[in-house]
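Please keep the sequence and the model in view while reading.

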Amino acid sequence: MLFPDDKCKYPPEQISYAKRVSDILMQTHKTRPKACVITFGCQQNVNDSERIKGMLYTCGYDMTDTPEIADFIIFNTCAVRGHAEDRVYGNVGATKKYKKENKDLIVAVCGCMAQQETVAEKFKNSYPYVNMVFGTQVLYRLPEFIYKVLTTKKRVYELSLDNKEIVEDIPTLRDGSIKGFVPIMYGCDNFCTYCIVPYVRGRERSRSSEEILKEIKQMVDAGYKEIMLLGQNVNSYGKGLKEDINFAKLLRKINAVEGDFLIRFMTSHPKDCTKELIDTIAECEKVERHLHLPFQSGSDRILKRMNRHYDSEKYLSLINLAKQKIPDVTFTSDIIVGFPGETYEDFVCTAELVKKVEFLSLFTFIYSPRTGTPAAVMEDNVSREEKGKWFTELLKVQEPIGIKKEKEFIGKTFRVLTEQKAKEEGMLEGKTSNGITVEFSGNEELIGTFQNVNIEKYENGLKGSLI
């Protein structure tokens with residue numbers, strides 16, 4: 001939805017600001033001005049950027065991927081790792097020359113990185129050409145911020161983090177037409193010692209199931225075939241809501257929505273992964289047969305230092321239960337290598353757990369300290385070079401396992417969502433409900449449809465043919 005109707009819950013004052021901004025832009029530009037949204041980080045940020053684009057569109061902007069020709073550039077930032085922050089500073093710095101060429105250009109920085117007080121102050125003091133800096137919980141006020149910049153020429157600086165109510169019906173301009181994101185909750189209460197998210201996203205707040213179902217029904221009616229449910233910890237969905245609901249019950253409600261579509265979700269926290277959830281995945285035909293379940297470390301000592309609230313035994317018990325209950329289930333995970341205080345013996349525990357679970361793939365990172373988190377001040381005596389060696393060793397452990405897991409599906413037939421053309425001429429690419437990528441020959445008209453594909457061989461990935 002881009003233009004709110006009478007039943008819209010998007011704040012009326014923001015609708016009014018959007019109309020006033022649109023009127024100003026019509027008077028100052030011969031054609032609709034261009035806006036460029038540059039996104040860093042996770043799927044939640046991508047979804048936030050879709051909402052940013054929706055608000056910008058209602059304000060009178062058209063979208064462009066080329067910052068050089070834009071009249072409005074906004075950076076939606078990530079604070080999870082240092083590398084992402086460095087890239088943001090470099091990209092924001094590049095807009096200085098654009099400002100010289102277009103004195104009316106508006107530059108904005110928002111998102112998790114901007115929510116950090118020290119970072120926001122840096123943008124405020126060292127980047128005078130940045131017109132607005134705002135945090136994660138005031139995203140919906142973008143029309144208001146643009147209006148203030150246009151009418152007062154003053155900079156906007158807003159980092160409020162006390163919005164307990166979730167603002168619904170924010171105008172949204174989605175990037176795709178086959179796969180789409182639906183946030184079911186925001187924030188996190190876990191306070192893992194390495195993670196900045198609770199400090200920049202705030203505490204857990206769940207959307208009502210009514211609002212979630214309304215958005216999903218709209219997407220299914222529009223032809224979306226894959227719905228990705230988002231949350232910092234989807235497994236804790238429902239806490240604080242008046243209705244009797246948890247994540248497993250929400251999945252059953254979504255599964256009952258009429259239409260042919262696939263339900264995916266991330267990210268799950270092992271401490272809140274229950275037998276009820278695993279049974280629900282097994283029993284709901286639209287829910288993916290895949291679990292992205294980050295374990296971060298195979299060492300119980302390190303897990304305790306991370307404040308993860310589970311041990312390797314509990315994690316393995318969840319994996320084994322899922323293997324028993326869910327046919328052809330696959331697993332992926334996140335791993336941090338070189339956490340402060342980690343020894344090589346701790347790292348070996350991680351590598352051994354990888355061998356036991358047999359993940360389809362892994363998202364592996366060398367520990368990156370985040371200022372403001374407890375881990376950032378923990379003693380860390382292992383060099384970056386040594387951590388790099390452990391990282392390489394873990395990749396060598398996982399690579400043959402991933403290939404082995406894919407080859408296990410040769411000879412089986414899967415229902416595949418055809419997503420796009422493959423690199424090879426005449427081939428298409430899609431994913432099964434358990435997250436396996438398959439290439440097969442077919443006409444482009446099949447993109448966006450489900451097809452039954454028989455997996456025949458492995459050649460740098462799985463190849464199959466239409467049934």
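Helices (H or I, at least four residues) and strands (E, at least two) are DSSP runs, numbered from the N terminus. With these elements in place, Thr449 can be located in the loop between β17 (437-441) and β18 (450-458). The model is predicted, so local features need pLDDT of at least 70 and side-chain atom pairs count only at pLDDT 80 or more, whereas totals for chains, interfaces and linings use all residues. Residues are numbered from 1 along each chain as its sequence is written, and side-chain values use heavy atoms, with hydrogens and water left out.

Contact means heavy atoms within 4.5 Å. Leaving aside neighbours within four places in sequence, Thr449 is in contact with Val416, Leu417 and Thr418. The C-alpha atoms of Thr449 and Gly430 are separated by 9.7 Å, and these two residues are 19 residues apart along the chain. For accessibility, buried means under 20% relative accessible area, exposed means over 50%, and partly exposed lies in between (1.4 Å probe, protein chains only). Thr449 counts as partly exposed because its relative accessibility is 26%.

Apart from neighbours within four places in sequence, Lys53 is in contact with Val37, Met63, Leu173 and Asp175.

The aromatic rings come next. Rings of Phe, Tyr and Trp (its six-membered ring) pair if their centres lie within 6.5 Å; planes under 30 degrees apart count as stacked, over 60 as edge-to-face and the rest as tilted. A search of the whole structure finds 18 aromatic pairs. One of them is formed by Phe295 and Phe359, which are stacked, at 5.6 Å centre to centre and with 15° between the planes. This pair links distant parts of the chain, 64 residues apart: Phe295 is in the loop between β12 (290-292) and α11 (300-306), and Phe359 is in the loop between α13 (344-357) and β14 (361-366). Phe295 is buried, with a relative accessible area of 1%, and Phe359 is buried at 0%.

Tyr344 and Trp390 form a tilted pair, with 6.1 Å centre to centre and 55° between the planes. Tyr344 lies in helix α13 and Trp390 in helix α14 (residues 384-407), so this pair ties together parts that are 46 residues apart in sequence. Tyr344 counts as partly exposed at 35% relative accessibility, whereas Trp390, at 3%, counts as buried.

Elsewhere, ring pairs link Tyr89, Phe123, Tyr127 and Tyr129 into a cluster. A charge sits over a ring if NZ of Lys or CZ of Arg is within 6 Å of the ring centre and within 35 degrees of the ring normal. Lys122 lies over the face of Tyr89, 3.9 Å from the ring centre. The charged end of Lys124 likewise sits over the ring of Tyr157, 4.3 Å from its centre.

Tyr89, Lys122 and Phe123 also take part in helix packing. Two packed helices are described by the angle between their axes and the distance between the axes. Axes are lines fitted to C-alpha atoms, for helices over the stretch in contact, and angles run from 0 to 180 degrees between N-to-C directions. Helix α3 (residues 82-101) and helix α5 (residues 117-126) pack at an angle of about 20°, with their axes 12 Å apart. That angle makes α3 roughly parallel to α5, a term for angles under 35 degrees, while those over 145 count as roughly antiparallel, 65 to 115 as roughly perpendicular and the rest as oblique. Val88, Tyr89 and Val92 in α3 meet Val119, Lys122 and Phe123 in α5.

Helix α10 (residues 275-283) and helix α12 (residues 312-325) pack at about 25°, with their axes 10 Å apart. This makes α10 roughly parallel to α12. Here Lys275, Ile278, Asp279 and Ala282 in α10 meet Leu318, Leu321, Ala322 and Lys325 in α12.

The backbone deserves a final look. Most residues other than glycine have a negative phi, and most peptide bonds are trans. The peptide bond from Met266 to Thr267 is cis, with omega near 10°, and Thr267 lies in the loop between β11 (262-266) and α10. Asp328, in the loop between α12 and β13 (330-337), has a positive phi near 60°. Glu358, in the loop between α13 and β14, has a positive phi of about 65° and is partly exposed, with a relative accessible area of 22%.
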